[in-house]
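Hello,

Here is the structure we talked about. Please open it alongside this email; my notes follow below.

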Amino acid sequence: MTANGEPVANSDESSLNTLPLPDIRTSPMPNGNGSHKSSTVIESQPKRRVSIIADAPMIGGASGGAAGYDNLAYEQNPRRKISQTSTHSHTEIGPARRRSILKEPSLHTNDNESDRGSTHSYENYRQSALDVLNAKYQGHQHQPPQSQDGANYVEDSWIYTFCLKCRGEEPSESWEPSFWQKVFPYPLCPTFRTFSRLIVLILIGLLLWIVAFVIIGDTAAPGGQLFSLVVLTVAANFGGYIISLTTLPRLIGMLLVGILFQNVGWVDLDGDFSKVTGHLRKFALTIILTRAGLEMEPEAFKKVYKTILKLGIVPWIVEAAVMTVMSHYLLDLPWMWGCLLGSIIAAISPAVVVPCLFRLRTKGYGVVKGIPTLVVAVAGVDDALSVAIFGIVSTIMFSDKGLGYQIAQAPVCILGGLAFGVIWGSIARIFPEKGDAYVVPLRTLMLFAGNLVAIYGSEELGFEGLGPLGVVFSSFVSNLFWCKDGWEVDDNPVSTAFEIFWMIFEPILFGLTGATIKINELDSHTVSIGAGCIFAGVIIRIFITAGIAVGDRLNTKEKFFVGLSWMAKATVQAALGPVALKNLGSDASAEERKWAEIVQTVCVFSIVLTAPLGAILISITGTRMLKKTKQPQILTGWRRSHRPSIRDISIIDEEEEREDPETPMDKETDDNTQSNAHLTNLSYTASK
């Protein structure tokens with residue numbers, strides 16, 4: 001009863017009935033216990049804005065009450081758009097972009113009661129694992145499983161931290177058998193989802209191997225060359241994963257696995273099978289150059305193209321010249337062979353640079369002056385220049401045609417590559433039509449097929465430098481037109497598709513490159529002198545970069561950081577290093593083979609020496625030489641922090657078709673917001 005003797009209304013039901021009304025009335029309503037309560041307005045309390053909800057929220061349990069009106073988390077009907085700035089969820093009517101048709105949507109309901117009971121979140125995984133492991137530890141040690149600071153013993157251990165780092169986040173909850181956590185506690189053991197995924201991949205690989213063995217024969221059998229290549233690729237991928245746990249580039253582990261397999265005698269890819277590995281290298285090179293073109297941001301390139309070209313061409317020429325001269329006098333290579341080696345070694349590896357820059361950019365380092373974007377853009381120009389010059393020099397070296405043909409190599413390759421890039425990029429803009437439901441896979445396959453034709457066609461025509469330039473320019477022009485149509489450079493689905501292609505070909509390329517090194521046949525003089533030539537070229541390039549970056553609004557520390565970030569070698573060296581040896585015919589002299597082996601050895605050791613060192617230096621010096629913004633950018637698309645998968649490709653870009661008459665009515669929504677802004681803010685309290 002109130003002070004006036006009036007009966008008290010139930011707070012839950014009263015608030016349901018009186019919420020939309022500006023005046024509050026009390027009505028007698030007995031509660032379940034026979035007592036009475038009333039709802040009154042406390043004018044002295046701070047005003048609170050009340051949400052307008054179309055349907056009453058579901059209130060249950062001890063946490064019910066009128067809180068459901070003031071908390072958007074309680075809203076049960078998110079279809080109604082409240083205002084222009086409404087943050088209400090629209091997940092029940094579909095996302096703004098359709099998900100990929102290649103991904104099975106997650107099912108959050110289970111018909112089987114046992115399935116429902118066996119579905120756990122990661123917190124449940126962790127708690128279950130801690131309970132089991134700490135109980136075992138307590139049984140063995142006969143003491144409470146608590147450390148001095150009160151934390152769990154297992155959670156404080158290094159092995160727990162290491163295993164937890166190895167576990168990736170899953171997009172949805174995972175079903176598992178009831179016994180799984182008892183036998184395989186998380187995070188020391190993988191989840192059932194990870195285990196089942198591994199089993200599926202093994203089964204698919206086994207079935208494909210059976211089919212290949214039936215069709216191809218002995219080469220696909222254990223001990224055959226195709227079988228050895230598959231085993232090498234799988235092992236290289238695993239080695240890359242192990243190395244990636246140290247934050248070093250994955251390709252280091254892949255390369256080391258290839259060297260291990262070759263010197264232990266587990267792989268033999270010489271003979272006729274070398275033709276297969278040669279084609280795999282060309283496919284990998286096409287993917288590398290295509291990604292280089294797609295990663296160039298058209299707007300940034302248009303604004304600072306002079307800086308990009310200056311920093312991409314001049315330091316490259318200097319490093320290539322240093323390597324050419326030093327290899328001629330110290331490694332006894334002819335001038336043409338020295339130029340060939342210099343054109344390969346001077347290339348930058350985006351596979352090493354981009355992940356390191358992503359980590360720095362997420363923390364806000366160098367964002368203000370756009371240093372990460374500048375470094376990535378120059379890396380693309382650098383790779384295109386390296387492969388084009390290599391093709392021109394290689395054609396001149398291994399061609400028996402006249403002097404006029406050799407002189408025509410440079411202008412034909414440059415002009416032909418530009419022409420192919422503009423033509424094929426323009427075609428990719430028109431075909432397929434941008435509104436096509438399958439525009440992403442069609443654009444991806446069309447660009448990839450056209451670039452492969454450029455690589456193989458230029459080789460058949462005798463102008464090997466034309467193809468690589470054409471690949472980079474066609475990718476850049478295509479990306480330019482796609483950005484005008486609404487796509488973003490940082491979240492381009494075609495770029496994501498080629499990143500997935502690279503995930504397949506990366507272990508193949510670096511595993512094959514490592515398998516070309518036979519340690520017992522290495523010349524210590526070649527290795528030591530070659531390492532000296534590599535570091536001499538890198539150091540000189542760093543100083544040249546810092547010297548020519550005048551007028552680019554970079555301070556001294558930033559100039560030297562940009563030079564350091566371009567020291568890492570990997571992708572182009574792995575793709576082109578063994579090519580010279582493969583191009584030698586059966587009539588080649590022993591001296592020519594020796595020169596080709598020197599080129600191959602120096603290229604491989606340039607990866608081993610500079611890739612890990614470059615990654616470490618970028619990570620360490622970036623935090624000391626670059627300025628950090630107060631509010632680091634939250635990056636959602638720029639060079640993803642995770643390795644992509646098929647689900648990252650959006651097959652259909654159109655907005656989900658749905659019947660939601662209130663969504664497009666922006667004016668009506670705005671009027672609704674303005675009309676409700678003047679309403680008196682209400683605050684409710686319940687007292688006995």
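**What I found**

Keep in mind that this is a predicted model.

**Cysteines**

Cys413 is buried, because its relative accessible area is 1%, under the 20% cut-off. Cys339 is partly exposed, at 30% relative accessibility. How many disulfides are there? The count comes to zero. A disulfide is a covalent bond between the sulfur atoms of two cysteines.

**The nonpolar core**

The largest nonpolar core has 115 residues. Which members touch the most others? They are Trp337 and Phe510. Helix 16, residues 371-398, gives the most to this core, with 13 residues.

**Helix 23 against helix 26**

Next, a helix pair. Helix 23 covers residues 556-565, and helix 26 covers residues 590-625. They pack at an angle of about 170°, with their axes 10 Å apart. That angle is over 145 degrees, so helix 23 is roughly antiparallel to helix 26.

Which residues meet? From helix 23 come Lys557, Glu558, Phe560, Phe561, Leu564 and Ser565. From helix 26 come Leu617, Ile618, Thr621, Gly622, Arg624 and Met625. The residues of this contact divide into six nonpolar, three polar and three charged.

Thr290 sits in helix 11, residues 274-294. Is Thr290 buried or exposed? Thr290 is buried, with a relative accessible area of 0%. Beyond residues up to four places away in sequence, Thr290 touches Leu447, Asn451, Val471, Ser475 and Phe498.

Thr324 is in helix 13. Thr324 is buried as well, since its relative accessible area is 8%, under the 20% cut-off. Setting aside neighbours within four places in sequence, Thr324 is in contact with Trp335, Gly338, Cys339 and Gly342. So the partly exposed Cys339 is one of the contacts of the buried Thr324. Thr324 and Met336 are 12 residues apart in sequence. In space they are 8.5 Å apart, C-alpha to C-alpha.

**Backbone points to check**

- Where is the cis peptide bond? One joins Phe431 and Pro432, with omega about -5°. Pro432 lies in the loop between helix 18 (409-430) and helix 19 (439-461).
- Thr247 has a positive phi, near 70°, and is a residue other than glycine. Thr247 lies in the loop between helix 9 (225-244) and helix 10 (250-264). Thr247 counts as partly exposed, at 46% relative accessibility.
- Asp332 also has a positive phi, near 60°, in a residue other than glycine. Asp332 is found in the loop between helix 13 (305-330) and helix 14 (335-345). Asp332 is exposed, because its relative accessible area of 57% is over the 50% cut-off.

Best wishes

Notes
Residues are numbered from 1 along each chain as its sequence is written. This is a predicted model: local features need pLDDT of at least 70, side-chain atom pairs count only at pLDDT 80 or more; totals for chains, interfaces and linings use all residues. Side-chain values use heavy atoms; hydrogens and water are left out. Helices (H or I, at least four residues) and strands (E, at least two) are DSSP runs, numbered from the N terminus. Buried means under 20% relative accessible area, exposed over 50%, partly exposed in between (1.4 Å probe, protein chains only). Contact means heavy atoms within 4.5 Å. A disulfide is a pair of cysteine sulfur atoms within 2.5 Å. Axes are lines fitted to C-alpha atoms, for helices over the stretch in contact, and angles run from 0 to 180 degrees between N-to-C directions. Angles under 35 degrees count as roughly parallel, over 145 as roughly antiparallel, 65 to 115 as roughly perpendicular and the rest as oblique. Ala, Val, Leu, Ile, Met, Phe, Trp, Tyr, Cys and Pro count as nonpolar, Asp, Glu, Lys and Arg as charged, and the others, Gly among them, as polar. A nonpolar core is a set of buried Ala, Val, Leu, Ile, Met, Phe, Trp, Tyr and Cys residues joined through side-chain atoms within 4.5 Å.
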